[in-house]
Amino acid sequence: MNTYDVIVVGAGNGGLASGALIAKAGYKTLVLEKHNLPGGCATSFVRGRFEFEAALHELCHESTDENADSVRRIFEELGADMDLAYDDTLFRAVVPGENGYDVTIPTGYDGFLDAMEAAVPGCRDSVKKLLDLNEIVDAGQAYMDSVNVPVKFFGEYADFMRVGSHSAEEVMIDLGIPEKARQILCTYWGYLGMPTDDLNALHYISLLAAFAKVPPSMPHHRSHYLSLSLVNALQKYGGEIRYNTEVTKFLYNGSGACIGVVAGGEVIYAKKIVSNIIPNNVWNRSDPKFVPASHRKLANARKLGMTFVTVYLGLDASMEELGIRDYSVFIMNDADPRKQFEHKDGVRTFVVNCLNKVLPESSPAGTCTLFFTIMYMPGEMPETLRPQDYKKFKNEIAEEYIRRYEETVGVSVRDHIEEIVVATPVTFARYLGTPDGAIYGYASQTWDNVVARTVMKDLENKVPNLYFCGGHGLRGDGYPSAYITGAMTARDVIKALKEGK
Ligand SMILES: Cc1cc2nc3c(=O)[nH]c(=O)nc-3n(C[C@H](O)[C@H](O)[C@H](O)COP(=O)(O)OP(=O)(O)OC[C@H]3O[C@@H](n4cnc5c(N)ncnc54)[C@H](O)[C@@H]3O)c2cc1C
């Protein structure tokens, strides 16, 4: 019979980390991936003489606490190579206009604080208090990851709970950080998909402080290299991966326990099933009588995280020739993160990355690439858009945001475009299969934060043998969260298998 110890559905970051660690523990593991290559979001694609990074702006190693999970430790545990290059700046943030600003924040704790002080005199101490809070966040997170029922939250880790019950904005106000400094510090909200007045403080502080302490990195050969590295680890430990194999059905026994899947028309059984795909799509592929009402309600109650329109440009001149100086430029039409998110003026916040700044050899000599990321929320694609107008829609967005970039940064790129590719939420919906093309799983809102998700995990999970990992999981979106939840799920699965549960 076609039987495994563990089936992992989806070879995204979470699925690959989980599958490789379970295989390393000696269990017969099968990863099923609907595409012909691994990685999900973590991939690259080629047009003409350019290999474009599909998703990664910057890889955050996440925790700096030696006891906590981090991307680096997971790769090390698997003997998987990362081959990273580091940038020396975090971001350049530009808000054009009279009350705007143009600030570049370097990496490194002291450099970060110095740049903030130069931009907003008098803010250093309060910003330092914010970054220092990360020690509490890291320690609480490490404790939470290490136990099933976090009883010490009301004593030893009370400050962690206090921080975790507020939005990032509330914590910054409470620390006395001046408004302009808060606005600059909130530049990264788009990476987590919610404006900072509705974004859980734990998640934001952890991202910001980790970036301030450990420089953001990029793999030398795009994220595809990281994904291949995890596939190699999976196979090295005896795991199997099947491509072009879409899971169309999840199977259950009479007691409602998950026992297998239908994939590529074949029935495959396993003791444990790990889903790297969003719960909505698991329930859509399950007989409704096996889907507990609470799971359906939870999937509907959660808000889907952000999605993007992305524009990838291959340019026939080098970044030096074009006068491009920065790796990451965030361009916002208003300094207020809530207004950026709502974009009532019709102008969205966008980020432009030039990978050649970090990796000069990432495109042929005498060329460079630009990667535009324009923020959209699921459901924001115009409902009346007809297939025959789709190309025009993409061209208009590319045209508008290339113009805004040229005007804001003072460079001229349009005459040098050799290759252009535009992806929209429709592209992401088709490629990843997520509702409305959501790429960030469920939004990490104040009510649905990492603590609530972790504490409720065992209570909420009513389907025996079925586990989840990925950007839609406990830790929220992003590469680190997906790898880390992959590792956490692997631990749960291995423990249950060892105990014969
Ligand atoms: C344009 C863009 C920019 C981003 N920038 C960053 C960034 O700078 N930093 C950062 O940390 N994060 C970033 N992210 C987010 C990050 O990529 C994701 O949060 C993370 O990669 C999600 O990983 P995942 O494990 O949830 O898997 P996913 O990437 O969602 O992969 C799921 C996999 O499952 C497969 N699959 C789906 N359905 C089935 C099925 N029925 N059967 C079999 N296989 C199936 C898919 O093909 C896919 O391979 C970005 C994402 C995008 C798209």
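Entry one, the ligand. I looked up which elements supply at least two residues each to the shell around the ligand, and found helix H1 (13-24), strand E13 (307-315), helix H16 (425-432) and helix H18 (479-498). I noted that helices (H or I, at least four residues) and strands (E, at least two) are DSSP runs, numbered from the N terminus. My residue numbers start from 1 along each chain as its sequence is written. I also kept in mind that this is a predicted model, in which local features need pLDDT of at least 70 and side-chain atom pairs count only at pLDDT 80 or more, while totals for chains, interfaces and linings use all residues.

I then read that 38 residues surround the ligand, the closest being Gly-10, Gly-12, Gly-40, Gly-470 and Gly-471, where a residue is near a molecule or strand if its C-beta atom, placed from the backbone, lies within 6 Å of it. By type, the shell divides into 17 nonpolar, 16 polar and five charged residues; Ala, Val, Leu, Ile, Met, Phe, Trp, Tyr, Cys and Pro count as nonpolar, Asp, Glu, Lys and Arg as charged, and the others, Gly among them, as polar. The ligand lies between domain 1 (3-64 + 70-80 + 220-302 + 443-498) and domain 3 (307-376 + 382-423), because both give residues to its shell; the domain bounds come from an automatic or database domain assignment.

Entry two, two loop residues. Asp-83, in the loop between helix H2 (71-78) and strand E5 (84-86), has a positive phi of about 50° although it is not a glycine. Asn-465, in the loop between helix H17 (450-460) and strand E18 (466-468), is not a glycine either, and has a positive phi of about 75°.

The largest nonpolar core has 153 residues, and Ile-7, Ile-205 and Leu-230 have the most contacts inside it. Helix H9 (residues 201-213) gives the most to this core, with ten residues. I wrote down that such a core is a set of buried Ala, Val, Leu, Ile, Met, Phe, Trp, Tyr and Cys residues joined through C-beta atoms within 7 Å.

How values were computed. A residue is buried if 20 or more other C-beta atoms lie within 10 Å of its own, exposed if 12 or fewer, and partly exposed in between; C-beta atoms are placed from the backbone.
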